[in-house]
Amino acid sequence: MTATRKWKPSSFNIPLRESDDTTLLFNARNGQTLELDKTGWTIVQRCLDSLEHEDATPDRELVRCLTTLGFVVPAELDEFGEEEERLRHSKADESRLFVTIAPTMSCNQHCSYCFQRNTPKTKVMSEEMQQATVEFVRRKLANSRQLVVQWFGGEPLIAYAAITSMTRAFKAICADVGIDYYAEMLTNGVLLTPERVVALPELGIKALQISLDGMPETYSARRQVPMAAAAAHYRFLAEHLPDIVEATGSLTIRINVDRENIEEAEYVVRFFKSHGVVDHRIDFRLGFINTSRGLLDCVPHDCFTNAEFAKEELTFRRFLESEGYMVYGMPRPKRYPCTAVVRNSFTIDPHGNLGKCIPAVGTSHSTFARILTDDIDRTMRDVTTAEMPYRRFNPFHSEECSGCCMMPACLGSCPKHHAGGHRVVACSMREALVDKITFYHRFHERRLKTHAQA
């Protein structure tokens, strides 16, 4: 640090008052937190103010420390400009090809809150379309170093044979050109069997998400399945969850909740713990039942508001820690809000319709081209020349998001929440922000202390 260089507080500093005696300084650009008592915060605040207004000579050693932590940056640095440029590069980056494939839109359940409940159901993707999908992926991999496939639906395991067949082809292509293959799957898990669990590594699936609804009785009612089947499914998961975690390395249990069943989320966790399922690679999380636009008249259930859901999430995080589980979700800087905005990202439904938005798979929303089984050359031309949905999405130009100090950790969230340069759905990132950051700061602090003692 030179004596002549000028410095300023980071634009992404967020002071969070935990109590009258404690302040957490959080930086959204690097996820760093700094805990300060009343005296410490007074000193740091005075230093930051002096840099901001250039009205005094700050403590150079303190400035050096704050610079190392990212709370102070060079005065000439345009942080928002750099973050906007970083997003632009991430959107254009072709080093990874993201492909979300729904090999069927059929489902073996009838969830009362399903956002695809009005989507036309289909049989499994035809062999011709499977072959054309593989060829489309092969051609799009030209400049990539990794292929990332997400199996979606409907219920993807209905099309298990198609998944197996396409996976073999994808892995062979990746092996031929020397790139990495990574897959994940969103499933209700009902069609998992011990044999299919064992086969997960062969399918390259390294992350699995299974959704539940609370107690088996609630699961039965909301998914319209017999109670005996619901109870059998829970028993299967209790027995095989450790095998699933070992096979994939990452498992998310999403518990879909509203005001009617929120208390049952703890039941799910205790149920698995009572069967000895305690693993830091399991991510228990609450699923916010709503629509993509956050409307409360979305489903025949008593949905939470954003603020209410944020409070329930905090309660659930504290509960998870008390039960000895890892708690995920600390706000961190993102490369992009979702893959819909990434140029080298596509969704493919059973008919070969190409889109960008994962929840919209199987609908006309965000569809911009189609895989033609008899003319893959034309398909590639269409993809090249079409105006892709969300290509112009830029939260830095959104009236409500522009200048927000949480921007690096949010990037505007879902692009569907924006229209005409305006955010049309309330931002959920800032809900209960103080409680959220404080919890994760304390949680990781306690984990480090425990590991050090061990």
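Let's start with Asp213: at 0% relative accessibility, this residue counts as buried. Keep in mind that the model is a predicted one.

Asp213 has a charged partner. Its side chain meets that of Arg223 in a salt bridge, with N and O 2.6 Å apart. Asp213 sits in the loop between β9 (205–212) and α7 (216–223), while Arg223 belongs to helix α7, so the pair ties together parts that are 10 residues apart in sequence. Arg223 is buried too, with a relative accessible area of 1%; the cut-off for that word is under 20%.

Arg222 is buried, with a relative accessible area of 7%, and Asp258 is buried at 0%.

What about Arg391 and Glu387, buried or partly exposed? Arg391 is partly exposed, with 42% relative accessibility, and Glu387 is partly exposed as well, at 43%. These two form a salt bridge whose closest N and O atoms are 3.3 Å apart.

| Salt bridge | N to O distance |
|---|---|
| Asp213 and Arg223 | 2.6 Å |
| Arg391 and Glu387 | 3.3 Å |

How many salt bridges does the structure hold? The count is 31. Some of the charged residues are joined up in a network of salt bridges, made of Arg29, Glu79, Glu82, Glu83 and Arg86. As a general point, side chains of opposite charge can pair when their charged atoms come close.

Now for the strands. Nine of them make an open sheet with mixed pairing, in the order β11-β10-β9-β8-β7-β6-β12-β13-β14. At the edges are β11 (282–288) and β14 (369–370), each of which pairs on one side only. Elsewhere in the sheet, β6 (residues 96–101) and β7 (residues 146–151) run parallel and are joined by six bridges. Leu97, for example, has Leu147 in β7 as its bridge partner. Helix α7 comes back into the story here: α7 packs on the sheet, touching β9 and β10, and its direction makes about 90 degrees with that of β9.

How values were computed
Residues numbered from 1 in each chain as written. Predicted model: local features only at pLDDT ≥ 70, side-chain atom pairs only at ≥ 80, totals over all residues. Heavy atoms only, no water. Salt bridge = Lys/Arg side-chain N within 4 Å of Asp/Glu carboxyl O. Helix = DSSP H or I, 4+ residues; strand = E, 2+ residues; numbered from the N terminus. Buried < 20%, exposed > 50% of the residue type's maximum accessible area, 1.4 Å probe, protein only. Pairing = 2+ DSSP bridges. Contact = heavy atoms within 4.5 Å. Axes fitted to C-alpha atoms, helices over the stretch in contact; angles between N-to-C directions.
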